[in-house]
Amino acid sequence: MRINLAKDPSLRSGTTAAWRALPGTTISVTDEWAFYGKNALKVTKDAVNGAGVQIAEPIPVTPGETYAFAIYSRLPTMIPHSEGADIVMQIDWMNSLGVVQTIDTSATLEMESDATDYRIGGVWKAPAGTTFV
């Protein structure tokens, strides 16, 4: 049995409190494109590459344990192929002080259609010395 450790993963609260926008990004709650439940996180980026979101509060982990991470993403509008829309999941394994010890990343997923929910994720083992992700 898998237990979702993320706080408010399907935005039942109707707020973005569990998420933090990275530089070049704005986030909001929308009822369009919800994959599970009635809400979705709308991520809008400016012209800066590398924009995105992260969880607002670190999640406790146990070194040596295996964790699965996944998100579903969707393009709200069709974009020209020349611009591309790539998504990558990055896992920052942190120690008890919140200092990043190791970074794992998923394969890059190219999003090509606005009519598809894309799933990206992976399974990683918490490295020695990490207590949060």
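Start by selecting Thr130, which counts as buried at 1% relative accessibility. Buried means under 20% relative accessible area, exposed means over 50%, and partly exposed is in between (1.4 Å probe, protein chains only). You are looking at a predicted model, where local features need pLDDT of at least 70 and side-chain atom pairs count only at pLDDT 80 or more, while totals for chains, interfaces and linings use all residues. Residues are numbered from 1 along each chain as its sequence is written, and side-chain values use heavy atoms, with hydrogens and water left out.

**Stop 1: around Thr130**

Thr130 sits in the segment after β10. A quick word on labels: helices (H or I, at least four residues) and strands (E, at least two) are DSSP runs, numbered from the N terminus.

Contact here means heavy atoms within 4.5 Å.

**Stop 2: the aromatic rings**

Rings of Phe, Tyr and Trp (its six-membered ring) pair if their centres lie within 6.5 Å; planes under 30 degrees apart count as stacked, over 60 as edge-to-face and the rest as tilted. By that rule, the count comes to four aromatic pairs.

Zoom in on Tyr67 and Trp93 to see a tilted pair, 6.4 Å centre to centre with 55 degrees between the planes. Tyr67 lies in strand β5 (residues 66-73) and Trp93 in strand β7 (residues 90-94), so this pair ties together parts that are 26 residues apart in sequence. Are these two buried or exposed? Tyr67 counts as buried at 14% relative accessibility, and Trp93 is buried with a relative accessible area of 0%.

Next, pick Phe69 and Trp124. They form another tilted aromatic pair: 5.8 Å centre to centre, with 50 degrees between the planes. Because Phe69 lies in strand β5 and Trp124 in strand β10 (residues 118-125), the pair ties together parts that are 55 residues apart in sequence. Phe69 is buried, with a relative accessible area of 18%, and Trp124 counts as buried at 14%.

**Stop 3**

Jump to Thr30, in strand β2. Thr30 is buried, with a relative accessible area of 10%. Show the backbone of Glu32 as well: its nitrogen lies 3.1 Å from a polar atom of the Thr30 side chain. Leaving out residues up to four places away in sequence, Thr30 touches Lys38, Asn39, Ala40 and Lys42.

Now click on Trp33, found in the loop between β2 (25-30) and β3 (40-45). Trp33 is partly exposed, with a relative accessible area of 33%. Check its backbone angles: phi is positive, about 65 degrees, although Trp33 is not a glycine. Most residues other than glycine have a negative phi.

**Stop 4: the segment before β1**

Asp8 lies in the segment before β1. What is its phi? For Asp8 the value is near 50 degrees, a positive one in a residue other than glycine. At 22% relative accessibility, Asp8 counts as partly exposed.

Lys7 is exposed at 53% relative accessible area, whereas Glu57 is partly exposed at 47%.

Finish with Met1, also in the segment before β1. At 95% relative accessibility, Met1 counts as exposed.

Key
A polar contact is a pair of N or O atoms within 3.5 Å; within protein, one must be able to donate a hydrogen and the other to accept it, and residues adjacent in sequence count only if both atoms are side-chain atoms.
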